[in-house]
Every structure is written in C-alpha cells, then in structure tokens.
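Please read them with the structure open.

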Amino acid sequence: MPQHDPSGDDPGVTPGPPPAENPPAKTPPSAETPPPAETPPPAETPPPVPVPAPGVDPDEPPAVPSGKFGTPGRPLRRSSFLIGFTGALGVLLAYTLYLGIRNAGGILVLVVIALFLAVGLNPAVVRLRRWGVPHGLAVAAVALTVVLLLCGGVVALVPPIVTQSGQFVDQIPNLLDELRRNPTVNDLVERYDVVERVQGAANAQTVGRALGGVLGGAQLIFGTVFRTLTVLVLTIYFLAYFNKLRALGYSLVPRSRRERVQLIGDEILAKVGAYMVGALSIAVLAGATTFVFALIVGLPYPFALAVVVAVTDLIPQIGATLGAVIVSLVGFAADLPTGIACAVFFLVYQQVENYLIYPKVMRRSVEVNEVAALLGALLGVALLGVVGALIAIPTVAALQLILREVVLPRQETR
C-alpha cells in the first residue's frame, strides 16, 4: 500500500531534496592537534646517459638527416692510420708547392720586377690624371717614355761593343805578325811546341765546344731580350690595372681591419713610388754629370759610359762605386793622366752624392735607418742578386713602417 506524502497535499510546502542519511558529525578543531605534515615531493630521476655505439666517437655530433638522400652515417673513426696518411699528404703537397716555386723562380722574379716598376711608375700616371689626361693615355705616355729610355740605352751600349769587337778582329793579323817578329815569343813557341799543341787542340771536340759557346751566347742574348720584353709587358698591364689590383688586394682583408690595412698599404706604396722617383732622379743626374766630364777629358764613347753610370747608380750601396770603376778603367786604358782624373772625379762626386744629394732627395720620401738599409742591401744581393739590391731599400722601408705602426703598439698593449 503506497504511503501518503503530506507535502504533496499541502500546496504551501515546497518539495526539497531528501534528507541525507547519517550526516558526518563535524569535529571542532582542537588547538592541541598538530597540522598534518607536508609530504615531500618525489626525488627527480637523472636522465639516462646515452651510451655511444661501439666504434663511434662520442665527441662527434650526431648525424642530421638531409631529407633528400637519407640520413648520413657517422664520421669515420680517427685512427692513427688516417692521421698519418693526412700528415703525409700535407707534406707531399708542401714539397710539390716548393718544387713549383723553385721551377717558376725565374718567372716569379720577373713578376716582382714588373710589380716594383709599376708601383714606382704609378705616381707619374697619377700626376698625369690630375692634369686631366685619361687613364689609358696616361699609361701609354708613361710606357712610351720607358720604352724610349730603354731604346736609348741599347743604342748607346750596343754600337760601341760591336765597333770595338770589329776593330779587335781586324787587328788580329797585325797582332800575330808582331808576335812572330818577337824573338822571345818565337823562342817560347819552339820550346813548348805551341804550334803542335794548337793543332792538336783544333779537333772536332774543340770545334763543338766553341760552337756550343757561340750558341750559348746567342741563347743568353735572346733570353735577355725575352725577359726584358716580358717585364715591359707585365709592367704596362700592372700600370693599366693598378687600381683594380690594389682594390682586390684590400678586399681579401677582413672588413674590421680593412681601413687600417688600406692606410698602411697606401703609405707603403707611396714610399716605394717616392723611392723610385728619387733613385731615378739621382741616377739621371749621375749619368749627365759623367757625360759632361767624359766630353771634357776626351773619353771614348761618352754617352755609353754615362748610361752605364746611370744604370749602375740605381743599385744601392755598391752601384755608384761599380760605375766609377768601369769608367776609371776606360780612362786608364786611354792614358794614365785621364785615368787619374777619372778616379779623382768619381771620388769627389760620390762624396757629394752620398752626403748632399742623396739625403736631400730621400730624407723626405723614404725614412730608412742606414744600418737597416745596408743589411737589407746585403741580404737582397745574397737572395736575388741585382734585383734584390734594387728592391732592398723600399722593402726595408715597408717593414720599418709595419714594425712601427703594428708590431710595437701591439707589444705595448700586452
């Protein structure tokens, strides 16, 4: 029988949720009961250390997939065999480079001479450019001037040599007749059987050696002409592309140091150019003075001797003395008073040049210590001969500038 719900008959009573069965009794908090202790967090477990596979170097970075050709494998293991093979390959490449430089030493010397001449002649091109001359025309004018000077030197030197050689050949019969008329010479010829020895020596082998010497002389002449033309052509090319080559050289330097390197490099190029201009001026002055003196004392071939003195005067430290010795020997060959006059003239002129002309010309352009200049000239002669002597002074000036502006300030900051 269903039970009657009184709330359902009374309209004023709102139905609610059924009463909860056995509600938990609330215990009042006691001051003596301590609060529950906080539970410590669980200890963190360290990540596992990856163990490399056998035969894999743990220092190598892991392989990264390329996406197109799959995942590359691990790098090869650095074995002692691989290290030794790499070192031997480096030694072999270094030796090959040494052989290449040694075999191409002659061409490299020509390139160095051409670069040196281009650096020395570039101030003339720059001066013509300031006067409004186009770059190509300025280079052509400078190159034509150099060619004319070279041709003038050849014209001055070759004809006297050819003329004197012809005169010597023409006088050979007269010299032989004089030797035959000399009783002392005839006695020596008969005593030592000179005629038979000469006939025995005049065989095929001797003739072959003589021809070899003639061919060697011809090869020397043609080789000198070829080297001269090579230097001339390279100098013209370097002059034409001087600014581009300089910009290319500076672009190889890191950007952070490019400005300082450019300033120092331009200063070095300016010193080399100033040295070339000064040296050429002093050499021309020496040649002109020698030409006037040779005309006064009546030396044979005065223009040729002046060219010899001017060319040898370009060699630092020893060039002026060498030219003086050559001219003095020609003077002594003419007669004794002329030889003495030549020796005295060059003795006085060298003192004037060394203590008056050279310091005034070079002091403002190239500031080089005298001891350093002497050592540089000696080392240049020992390494590259005459070419080393020519480039010794500007090289010492460049090294001195680098030492003063780069090395010494860096040592002071340490």
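1. Of the 414 residues in the protein chain, 23% count as buried. The model is a predicted one, and this should be kept in mind for every point below. The accessible surface of the chain comes to about 30600 Å², and carbon and sulfur atoms account for 68% of that area.

2. On secondary structure, the chain has 15 helices and zero strands. Among contacts in the chain with a separation of 6 or more, 61% are between residues 24 or more positions apart.

3. The largest nonpolar core has 14 residues, and F116, I268, V272 and Y275 are those with the most contacts inside it. Helices α3 (105-130), α10 (255-297) and α15 (386-412) each supply at least two residues of this core. The biggest contribution is from α10, which gives six residues. As for V272, its contacts beyond the neighbours within four places in sequence are F116, V119 and P394.

4. There is also a second, separate core, made of twelve residues, and A294, A324, F345 and F346 are among them.

5. A search of the whole structure gives five aromatic pairs. In one of them, Y95 and Y98, the ring centres are 6.2 Å apart and the planes are at 35°, so the pair is classed as tilted. Both tyrosines lie in helix α2 (residues 80-103), three residues apart, which is about one turn of the helix. How exposed is each of them? Y95 has a relative accessibility of 48% and therefore counts as partly exposed. Y98 is also partly exposed, because its relative accessible area is 43%, and the cut-off for exposed is over 50%.

6. Another aromatic pair, F293 with F345, is stacked, at 4.1 Å centre to centre with 5° between the planes. F293 is in helix α10 and F345 is in helix α13 (residues 336-362), so this pair ties together parts that are 52 residues apart in sequence. Both F293 and F345 are buried. Ring pairs also link F293, F345, F346 and Y349 into a cluster.

7. What makes up the nonpolar surface patch of about 720 Å²? The residues are F332, L336, I340, V344, L347, V348, V352 and L356. Helix α13 gives the largest share, with seven residues. L347 lies in α13 and is exposed, because its relative accessible area is 54% and the cut-off is over 50%.

8. Leaving out residues up to four places away in sequence, D313 touches I282, A283, A286, G319, A320 and E353. Please check these contacts of D313 in the viewer, E353 included.

Notes. Residues are numbered from 1 along each chain as its sequence is written. This is a predicted model: local features need pLDDT of at least 70, side-chain atom pairs count only at pLDDT 80 or more; totals for chains, interfaces and linings use all residues. Side-chain values use heavy atoms; hydrogens and water are left out. A nonpolar core is a set of buried Ala, Val, Leu, Ile, Met, Phe, Trp, Tyr and Cys residues joined through side-chain atoms within 4.5 Å. Buried means under 20% relative accessible area, exposed over 50%, partly exposed in between (1.4 Å probe, protein chains only). Helices (H or I, at least four residues) and strands (E, at least two) are DSSP runs, numbered from the N terminus. Contact means heavy atoms within 4.5 Å. Rings of Phe, Tyr and Trp (its six-membered ring) pair if their centres lie within 6.5 Å; planes under 30 degrees apart count as stacked, over 60 as edge-to-face and the rest as tilted. Patches are made of residues with over 30% relative accessible area and no salt bridge: like charges are joined within 9 Å, nonpolar side chains (Val, Leu, Ile, Met, Phe, Trp, Tyr) within 5 Å. Accessible areas come from the Shrake-Rupley method with a 1.4 Å probe; for residues, only the protein chains shown count as cover. A salt bridge is a side-chain nitrogen of Lys or Arg within 4 Å of a carboxyl oxygen of Asp or Glu.
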